[in-house]
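Opened the notebook for a quick look at two spots in this fold. Jotting things down as I go.

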Amino acid sequence: MSRIGKKPVAIPSGVTANIDNGTLSVKGPKGTLTMGMSDLVTYSVDDGSIAVQPVNQSKAARSHWGMQRTLVSNLIEGVTEGFSKVLEIKGVGYRAQAQGKKLKLQLGFSHDVDIDVPEGIEIKTPDNTTVEISGIDKQKVGQLAAEIRRWRKPEPYKGKGIKYRGEYIFRKEGKKK
């Protein structure tokens, strides 16, 4: 039994949810999100909540149950509050600058790295070593943050690179004399 799947997802005021042709659409103050529904679970929109139940007691249906409930919860949270990730850049000469729908990174390569920002995602650079990524779709926000981080992962000797805010980088000692 899924402990997470048992709990219905509460729909706050100002948010509407509809099930239509195998898609669940949620509309709220920040926008509209849709999700394809799995055949292994059933979705029901009751007054003020969305319940997710497995179709049968097969292993596949039970394994999809909790994940689908979490995806529904992410839709509700995205249209009400949104999601954000903050990246910090550390290193001599490493900097970032948001230019409209592009992010320009200087990461010690012989060229600048230009990253296109997908539709529905907003990027801010409050200073040249901080990148704030925000949007209503949790998957898109996390994917863009991972793609930016992939250009220079933090290295364990000096801690140079791009890391998430709050991430701890285990530092190695180096050579001893």
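I listed what Arg69 touches, skipping residues up to four places away in sequence: Ile4, Gly5, Lys7, Pro8, Val9 and Val52. Contact here is heavy atoms within 4.5 Å. Caveat for myself: this is a predicted model, with local features needing pLDDT of at least 70, side-chain atom pairs counting only at pLDDT 80 or more, and totals for chains, interfaces and linings using all residues. Numbering runs from 1 along each chain as its sequence is written, and side-chain values use heavy atoms, with hydrogens and water left out.

Arg69 sits in helix 2 (residues 59-80); helices are DSSP runs of H or I, at least four residues, and strands are E runs of at least two, numbered from the N terminus.

A salt bridge needs a Lys or Arg side-chain nitrogen within 4 Å of a carboxyl oxygen of Asp or Glu, and buried is under 20% relative accessible area, exposed over 50% (1.4 Å probe, protein chains only). I did find the backbone oxygen of Lys7 at 2.9 Å from a polar atom of the Arg69 side chain.

Next, helix 3.

I find Val141, Leu144, Ala145, Ile148 and Arg149 buried in helix 3. Down the helix axis these buried residues fall within an arc of 135 degrees (directions from axis to C-beta atoms), so they line one face. Gln139 and Arg150 are exposed on the other side. The cover over the buried residues includes strand 7 (83-90) and strand 12 (130-135).

Conventions: Polar contact = N/O pair within 3.5 Å; in protein donor to acceptor, adjacent residues only side chain to side chain.
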